[in-house]
Amino acid sequence: MENNKKILVVEDEISLRSALSNKLAHEGFAVLEAKNGKEGLEMALSAHPDLILLDIVMPVMDGMTMLQKLREDAWGAEAKIFMLTNLSDTSKVADAIMQGSYDYLVKTNWTLEDIVVRIGKKLGG
Amino acid sequence: MKSQDSEIFYKSLFDNMTDGLAYCRVVFDVTGYPVDFIYVRVNKKFNELMGVKNAAGKKAAEIIPKIHLFNPDLLEICGRVALTGESEKLETYIEPIAGWFLVSVYSPRANFFVAMFQNISNRKQIEKKLENAKIAARNVLEDLSAEKLKAEIAQAKEEAILLSIGEGLIATDGKGNIVLVNKTAGKLLDIKSKEVMGKSIDQVIPIEDERGMPIPPESRPINMALAGRCDRCHAAPGINYYYTRKDKTKFPVASMVTPVILDGKVIGAIEVFRDVTREREIDKTKTEFVSIASHQLRTPLSSVSWYAEMLLTGDVGKLNKEQKKYLNEVYRGNQRMVKLVNALLDVSRLELGTFAVNPEPINIVDLVRSVVDEQKKQIGQKKITFSLVFEENIPVISADPKLLRMVAQNLLSNAVKYTSEKGKIEFSLFLDDGKKFVLLKVSDTGYGINEHQQDKIFTKFFRADNAREKDTEGTGLGLYIAKSIIDQAGGSVRFESKENIGTTFYAALPLAGMQKKEKNTAAD
């Protein structure tokens, strides 16, 4: 069980966001939530979470844009980020992610267990 | 004979001849041109013929009125003969006495001639009758021709109907040279019948696949029909052919070819085709709809899955046995839906062509080995005897690993699913005789496929009855997807099966490999 590591979940779908939050909270993480890229960016820059779970397709500001803007920030350039993909995210984006440019978690088909394990590895290392 | 006797003899000859004879003297004008003649002596027959008592001493026109007008040729010949001494003949019609005569003229001494008149009216009559008969015969022939023409017009009308049916029609002779192109075909292809008549269809009407690659002539339905390889020849399902218009634009066609057979030989072929652009569009819209709906389903499916998972792992409280059981059902149901949605998306991608094909050099044996590894657990659980057999020297094949994997996974998982405990499965890899294809053969001693259901095996959502019984959770899309991938790669898949004995699937993939394909943007 992780203690007091802060995780920011940026995801527009409430059901998915809440499921992730609940699981992570259960695992002992402090969870922050944002429902789009704009909120996520603000929260990331102010709270400096240990890890960010970042969805791709979101209104107001999508995940790729938030990622870009985040990387422009000194802290943000080093922030640990997982892109959250459901493999349908407008083809090219999903491809780009899986081409190895970014770390990613697959929302579809992966159990929360899988996700927690990956997060653990990322934070541990 | 004494001279008196001979004179009597000749006189009796003269008088009793059956032909008219006239001994005449020519009358000349001042220039020496024959203008008339005088009958010196005529025989009885002549008088009879001319209907006169005695022509002797009379002028020409007095015996044959208007001779200068009606029979100038007679006059001319008589004059000429009298002058030249050369005999001549003439067939002429003498109006006043209404008869045809063969007139033979010779000259016994200068300026005199003898004309013999042979009545040939009878012959002439017969000739006329013959002529009439000829004309009558010609008329009959003409009538027959008219009938023939009518028949031809009727046939032309039928052809015109044929020519104007809504579908394009092309007919070729036994060698593939075009003999008929109907109006619709001309319109669809933007060609005129006379431009292509007699030319080889392969040359003037090119056929391509959706990537714009020409279809090899032997695979073209019309050539297949001419080679006698099928009764109703068409593209394999899922394969799209395109014809090119004159302006180089392409359109998808659905075509059917039937060979024309006479006395057991193929003497031609008829192709009926239509432009299916609209149909394809509609199909595409439907598939896009399925794709969009499937994408939308993913979020709630993930959500249910995760919450069920959290409940099951006791994150929000311990569950009693019953609760756990029920929740497991929920979870399983959800997993089935997820599988189905994934399969639907694969199907839509295949149909819309949005699957990118990124071939790389693949060692197919290694790929199959890793697929087998994935299924190790299930194979072990069912205590199935499994063997992997492969030929040496199978070359590296250029293929998209994820697609090839799907094919191998599908064939193997079916074999495992539908073989009972302690059964046998053999997965073999080898090259075909022609060394053009690598074959994946998956053989099992499983439940088999009922004969009556075999023809539907590759159709979407089809699950054989016995399969439904043994495994309620299949999607019915696996083989459809596998076949689509194989077909699009230029390969083929078939199977042999006997209920309760077992099934063997054969998938052939061309060694030439898969073609690279960019993902179409579409709704993905």
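What follows is a conversation about two chains of a predicted model.

Trainee: In what order do the elements of chain A run from the N terminus on?

Mentor: The secondary structure of chain A comes to 5 helices and 5 strands. Buried residues make up 38% of its 125 residues. From the N terminus on, the elements of chain A run β-α-β-α-β-α-β-α-β-α.

Trainee: Which strands stand at the edges of the sheet in chain A?

Mentor: The 5 strands of chain A form an open sheet with parallel pairing, in the order 2-1-3-4-5. An edge strand pairs on one side only. The edge strands of chain A are therefore strand 2 and strand 5 (104–106).

Trainee: In strand 2 of chain A, which residue is the bridge partner of A:L8?

Mentor: Strand 1 and strand 2 of chain A pair in the parallel sense. Their pairing extends over 5 bridges. In strand 2 of chain A, the partner of A:L8 is A:L32.

Trainee: What angle does the direction of helix 1 of chain A make with that of strand 2 of chain A?

Mentor: Helix 1 of chain A packs on the sheet. There it touches strand 1, strand 2 and strand 3 of chain A. With the direction of strand 2 of chain A, the direction of helix 1 makes an angle of about 165°.

Trainee: How far does helix 1 of chain A reach from its first C-alpha to its last?

Mentor: Helix 1 of chain A covers residues 14–26, which is 13 residues. At 1.5 Å a residue, the expected reach is 18 Å. The reach in the model is close to that value, at 18 Å.

Trainee: Within what arc do the buried residues of helix 1 of chain A fall?

Mentor: The buried residues of this helix are A:L16, A:R17, A:A19, A:L20, A:K23 and A:L24. Seen down the axis of helix 1 of chain A, they line one face of the helix, because they fall within an arc of 165°.

Trainee: Which element of chain A gives the largest share of the side that touches chain B?

Mentor: In total, 15 residues of chain A are in contact with 15 residues of chain B. By class, the side of chain A has 3 nonpolar, 9 polar and 3 charged residues. The largest share of that side, 6 residues, comes from helix 1 of chain A.

Trainee: Within what arc do the buried residues of helix 3 of chain A fall?

Mentor: In helix 3 (residues 63–72) of chain A, the buried residues are A:G63, A:M64, A:M66, A:L67 and A:L70. Seen down the axis of helix 3 of chain A, these residues line one face, because they fall within an arc of 160°.

Trainee: Let us turn to chain B. What share of its residues is buried?

Mentor: The secondary structure of chain B comes to 17 helices and 18 strands. Chain B has 524 residues. Of these residues, the buried share is 29%.

Trainee: Which residue of strand 18 of chain B does B:S492 stand opposite?

Mentor: Strand 17 and strand 18 (residues 502–510) of chain B pair in the antiparallel sense over 7 bridges. In strand 18 of chain B, the residue opposite B:S492 is B:A508.

How values were computed:
Residues are numbered from 1 along each chain as its sequence is written. Chains are lettered from A and ligands numbered from 1 in the order in which they are written. This is a predicted model: local features need pLDDT of at least 70, side-chain atom pairs count only at pLDDT 80 or more; totals for chains, interfaces and linings use all residues. Helices (H or I, at least four residues) and strands (E, at least two) are DSSP runs, numbered from the N terminus. The expected span of a helix is 1.5 Å times one less than its number of residues. A residue is buried if 20 or more other C-beta atoms lie within 10 Å of its own, exposed if 12 or fewer, and partly exposed in between; C-beta atoms are placed from the backbone. The arc is that of the directions from the helix axis to the C-beta atoms. Two strands pair if DSSP finds at least two bridges between them. Two residues are in contact if their C-beta atoms, placed from the backbone, lie within 7 Å. Axes are lines fitted to C-alpha atoms, for helices over the stretch in contact, and angles run from 0 to 180 degrees between N-to-C directions. Ala, Val, Leu, Ile, Met, Phe, Trp, Tyr, Cys and Pro count as nonpolar, Asp, Glu, Lys and Arg as charged, and the others, Gly among them, as polar.
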